[in-house]
Amino acid sequence: MDVHPSGPFGSAVIYAENPYTIANFGDPYLSERVDRVSLLKEFPRRIDRALERAARILSKAGKTERKIVILLITERHSAGGKHFIEAVKPLRRIGSQTFVILFGNESNVDAFSSLVDTPRDIFRVGTVNNLPQHVRTISKKIREKPGL
């Protein structure tokens, strides 16, 4: 996504029961920090709390800045918490677009459709190891989607 210290800015959040930020907005080491993250095996995985954290982070961005959330979701996510329709509302209020990168062949894309504007905003990539071969295509589709 070409995120670097002079902009556009990015942040990264890991989510489980309690999400935490691994790289703050404008962190010059965002790429390196993201590359060092390993897959969490911790449960529950509360997507609703990750979305709340993302909304707080993105609310600090300027009104004219494009706001994007990219969720990396495995087929093993936890039930509970707010329904996705409710959880994504704060992001929509601040003009954020949400995209889902879905890992696993068993996942039901429809289960995540309420997180995005259109089903084309969900990308199924198979395993985590397949992600690198899809990054360029996904990034291009996200960059080319008109902003809100």
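Contact means heavy atoms within 4.5 Å of each other. Axes are lines fitted to C-alpha atoms, for helices over the stretch in contact, and angles run from 0 to 180 degrees between N-to-C directions. Helices (H or I, at least four residues) and strands (E, at least two) are DSSP runs, numbered from the N terminus. In these terms, helix α5 (residues 131-144) lies across β3, β4 and β5 and runs at about 170° to β5.

The model is predicted: local features need pLDDT of at least 70, side-chain atom pairs count only at pLDDT 80 or more, and totals for chains, interfaces and linings use all residues. Residues are numbered from 1 along each chain as its sequence is written, and side-chain values use heavy atoms, with hydrogens and water left out.

The protein chain holds 5 helices and 5 strands. Read from the N terminus, the order of elements is β-β-α-α-β-α-α-β-β-α. Of the 148 residues, 38% are buried; buried means under 20% relative accessible area, exposed over 50%, and partly exposed in between (1.4 Å probe, protein chains only). The accessible surface of the protein chain is about 9,000 Å², and carbon and sulfur atoms hold 52% of that surface. Areas come from the Shrake-Rupley method with a 1.4 Å probe; for residues, only the protein chains shown count as cover. Among contacts in the protein chain with a separation of 6 or more, 63% link residues 24 or more positions apart.

An open sheet is formed by 3 strands in the order β3-β4-β5, with parallel pairing. Strands β3 (67-73) and β5 are the edges; each has a single partner strand, so one side of each lacks a neighbour in the sheet. The twist from one strand to the next averages 20°. Two strands pair if DSSP finds at least two bridges between them. Strand β4 (residues 96-103) and β5 run parallel and are joined by 4 bridges. V100 has I122 of β5 as its bridge partner. I101 is bridged to F123 in β5. Strand β5 (residues 122-126) is mostly covered, with 4 of its 5 residues buried.

The expected span of a helix is 1.5 Å times one less than its number of residues. For the 12 residues of α2 this gives 16 Å, and the end C-alpha atoms are 16 Å apart, which agrees. Buried positions in α2 are I47, D48, A50, L51, A54, A55, I57 and L58. I47 has a relative accessible area of 2%. The C-alpha atoms of I47 and F84 are 8.0 Å apart, although 37 residues separate the two in sequence.

Nonpolar cores were then examined. A nonpolar core is a set of buried Ala, Val, Leu, Ile, Met, Phe, Trp, Tyr and Cys residues joined through side-chain atoms within 4.5 Å. The largest has 20 residues, and L71, I73 and L115 have the most contacts inside it. Elements giving two or more residues to this core are α2, β3, α3 (84-87) and β4. Helix α2 gives the most, with 6 residues. Not counting residues up to four places away in sequence, L115 touches L51, L71, I73, F84, V88, R92, T98 and V100. A second, separate core has 8 residues, including I101, F123, V125 and I142.

Two further buried positions were examined. A87 is found in helix α3. Its relative accessible area is 2%, so A87 is buried. A87 touches D48, L51 and K82, not counting residues up to four places away in sequence. T118 lies in the loop between β4 and β5. With a relative accessible area of 18%, T118 is buried. T118 and T98 are 20 residues apart along the chain, and their C-alpha atoms are separated by 9.8 Å.
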